[in-house]
Amino acid sequence: MTDQLEVDSVAPPSAATQRPLALLTQVFKTYQMDSVEVPVIRGVDILVRHSKFTVLLGPSGSGKTTLLNMLGCVDKPDKGEIVVADEKVAEMSDDALSDFRARNIGFIFQNFNLLPVLSAYENIEYPLLLAGATPSQRGKLVPRLLKAVGLSDRAKNLPGQMSGGQRQRVAIARALARKPKLVIADEPTANLDSHTGATILALMRRMVDEYAISFIFSSHDPEVIKAADDTIVLKDGLIQEVWRDGEKAG
Amino acid sequence: MMMTFNLALRNLLRNRRRSLATLLAMAIGSTSILLFGGFKINISNSMHTTHVQKDGHLQIQHRDFYLYGSGNPTAYGITDYTKILAAIQNDEVLKKMVVVATPALQFGGIAGNYAAGVSRTIIGNGFVAEDINRMRRWNDFGLLNQAPLSALEGASLDAAVVGTGVARVLQLCDALKITRCAKPEKEQKEEGAALPDDIAQLSLQETPVGAAAKDAGGPKIEVLVVNARGAPNVTSLEVLRAEDQGIKELDEVSMMMHLSKLQQLVYGKSAPKATSIMVQLRQSDQIPAARARLIGLVAGYSATQPLAVLDFRELNPFFVQTMLMFDTIFGFVFVLIGGIVLFTVSNTMNTTVVERTVEIGTLRAIGLRRRGILNLFVTEGALLGLFGAVLGAVLALTLAFVINQIGLLWLPPASATPIPFTVTVWGENLMIVGTTVGLIVIAVVSAWWPAYRAARLDVVEALRHV
C-alpha cells in the first residue's frame, strides 16, 4: 500500500517549495445566466501552499467550484491574476493550458469521471500515454499506482465493474500518474458512504504526506475539514476566513 | 495515434446497437452502390462485346465514309484493300494483337419479293462469313451469353440473311418460320405491282420467279444494287434466315450477304473494293497500340485515298452515350446514398458527442488538447465509414455471386435476345476501392462537424453537463 511512486516525492524544502504553489490575486468571475449576470467570485486572494491538504469550505453557490476550476486551469478569471507553479496561467493559450494541466494538475471528480471503456489499469495509464511515456515507464508506474491505491487485483476491471470507492481510488491514481504539483478534488467523498469516504480521505492524506503533492478540495464533510492543513472559508464569492495549520490566518 | 484509435474503437463498441444501426445503413448504401456499379459494368461489358463482335475493335475506312458514306457507300471503297489486309496479317507487331482482320462492303439498295409484290429499301453488308463468325466468338469479358453465328458460313454465294423487319415487310415470315409476325391486310394492288417496272423487268431477266421458288430451300428475293458506274444491277438471293437486329429501324433495313457476291454486283469485272477493314484484337486494352500501328501502316496506302482508323466507340456513339448516361446515374445514386450516409453518421456522432460531454470535459481537464478530441471523434467516424463500407463490399460480393447463380434473364435495349442478368463486382477493384474510400471520406466529413463542436466545448460547461 505504501509503495513509493517514481515521483519527486518527499522532496526536501527548497526555494521553490518555499514559494506558494498557487496564488490568486484579486480574482473576479461573473457568469451570464440567460440575460442576468451573476458575480460568483468577487475579488478573491488565495495562497495555496506546497505539499498541503487544503479545503475550500462554504455553502452552495459560494464559489468553491469556480475557484477550483480556476486553480485547475480549466476556467479563466474575468479579472485578476492566477499563478500556478510559477506560471501565469490566465495568459496561456488553450493548447498551452492543456499541456500545463497535463504536467502540473491532477483532477478527482465527485462522479469519478473515469473513461468507461478503459479498464482501471488503462484509465491510470491514459495520462501517461498523453505525456508520451514509453511502454516500459508505463509498465513500471501503473502497477505501482494500482498497488498504492490497493487495486492491484482490479487492474483489468472496467469502471462499471467496480464500486464507487474503488472507482474513486482509480481516479486518485489517475490524478497522480503524471506526478502533478497540485491535485484538484471537487467534493471527492460526496458520492461515497461515510466508511468509504473516510478510506478515500485517508488515502489522499497519505498521498499528500508521502508524495509531497498539494491537494485542494471543496467539501462539506467534517472529516475532510479535520484532515486539512489549510482551510479557506468562502461566502458569496468572498473569503471569510483562512486557517493554516490549525490557526486562523490574519 | 494508437491510443486514439483504440479509444475510438472501444467507444464504437460501447453503444453497439447504435453503431450497428449506423453500420448497417452504411453497408446497405455501399452494397447498393456496388451492385448498381456491377450492373453498369455488366451492361458496359455486354455492349462492348456486342460491338466488338459485330464491328471489330478498329476499322480502316475512307476518311469521309463514316460521315458521308451512308448516301453512297460504294463511292468510298478502299482500293487495294487486299494489300492492306496482307500488310496487317504480316506485320510482326499487329500479328500478336489481331484476331481477325476482314473486309466489309456496305451498300444501299432495294430488296423485293416479286412473288408477293412487295419491296423495300435496304442497307446491306457484304462480308466474309467465316471471319464474321470468328469475330462473334470474341468474349474477352467471359460473358455467359454467346452471339448467334451467321448462317452464311458455308452457304452458297447466292445466300443472304435479312433482318426480321425486312423479312416481315417482304412477307417472308411463313417461309422463314418467324413467329410473332402478324400478316397485313391484303393489299389491293395486283401482285408484282409494288415493284417498279424496270426492277421487275430486270428481276425477270435475272431470275425466273417460278424456278427460284422451286429450286432452293429458302425463299428468294430480288436485290437491286447500284453498281460502281451508277447503273442498276439486280440479283436473286436465297434468304437463309432472318436475324433480329434489336432496333426496329435497323431491323427493317438490314441485309447481309457474301462479300464476293456483293463485289461482283457492285464492281463487276473492275477491281473489287471494301468500304471498311474490320480489325478485331485479342483484348480491348490493345486498341491504342494497335491503332497507332495501323495508322502508320495505312499511311503507305493513303496516297490516292485518305484513310482513317476509327475505334468502335467512335463508330458507335450510342454505346458511349449509353455508358455516359449510366455513369451519370451511378454518380447520382452515389451522391444520394452518400447524402444518406452523411446524415446518418452525422446524427450518430452528434448523439455521441452529447452523451459523452462529461467525458470530453474530463479528457480536456486531464490534458488532452482540442485537436485530440477532434481526432478522437473523427477517427470514430472514419472507423464507422471503414467498417460500413467493408461490410457493404462483402455484402455486395455475396449478393452479386447469388444473383449471378440464379440465372435471371433480361432484355436490354437494342438487344434481340434476352441475356443473363449478371452483376460484375468481383475483380472490379477500382470500383470497390473507390466506393469504400468515398464512403469513408463521407463518414469522416460527417463526423468532422460534431467532432469540431466537441473540441470547442468549454471544459467547465462540459464537466457540469448532466
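**View 1. The largest nonpolar core, with 119 residues in it.** In this predicted model, three members of that core touch the most other members: Leu145(A), Ala173(A) and Ala443(B). Helix α17 of chain B, residues 370–406, puts in the largest share, with twelve residues. Apart from this core lies another one of 60 residues, and Val161(B), Leu170(B), Leu224(B) and Leu281(B) are among them.

**View 2. A close look around Ala173(A).** Skip the neighbours within four places in sequence, and Ala173(A) is in contact with Ile124(A), Leu145(A), Leu146(A), Ala148(A) and Val149(A).

**View 3. Where chain A meets chain B.** Chain A brings 18 residues to this contact, and chain B brings 17. On the chain A side, the elements giving two or more residues are α3 (94–104) and α4 (120–130). Of the elements there, α3(A) gives the most, with six residues.

**View 4. Chain B from end to end.** Chain B holds 19 helices and eleven strands. Its radius of gyration is 32 Å, while the globule rule gives 23 Å for 466 residues, so chain B is more spread out than a compact globule. Taken along the principal axes, the C-alpha atoms fill a box of roughly 105 × 55 × 35 Å. Buried residues account for 43% of the 466 in this chain. Look at chain B contacts between residues at least 6 apart in sequence, and 81% of them join residues at least 24 apart.

**View 5. The two assigned domains of chain B and their contact.** Domain 1 is made of residues 2–48 + 320–464, and domain 2 covers 64–305. How far apart do their C-alpha centres lie? The answer is 52 Å. Each domain puts nine residues into the contact. On the domain 1 side, α2 (16–55) and β11 (419–420) of chain B are the elements that give two or more residues. The largest share of that side comes from α2(B), with three residues. By class, the domain 1 side that touches domain 2 has four nonpolar and five polar residues, with no charged ones.

Note on methods: Residues are numbered from 1 along each chain as its sequence is written. Chains are lettered from A and ligands numbered from 1 in the order in which they are written. This is a predicted model: local features need pLDDT of at least 70, side-chain atom pairs count only at pLDDT 80 or more; totals for chains, interfaces and linings use all residues. Helices (H or I, at least four residues) and strands (E, at least two) are DSSP runs, numbered from the N terminus. The radius of gyration is taken over C-alpha atoms; the globule rule is 2.2 Å times the number of residues to the power 0.38. A residue is buried if 20 or more other C-beta atoms lie within 10 Å of its own, exposed if 12 or fewer, and partly exposed in between; C-beta atoms are placed from the backbone. Two residues are in contact if their C-beta atoms, placed from the backbone, lie within 7 Å. A nonpolar core is a set of buried Ala, Val, Leu, Ile, Met, Phe, Trp, Tyr and Cys residues joined through C-beta atoms within 7 Å. Domain bounds come from an automatic or database domain assignment. Ala, Val, Leu, Ile, Met, Phe, Trp, Tyr, Cys and Pro count as nonpolar, Asp, Glu, Lys and Arg as charged, and the others, Gly among them, as polar.
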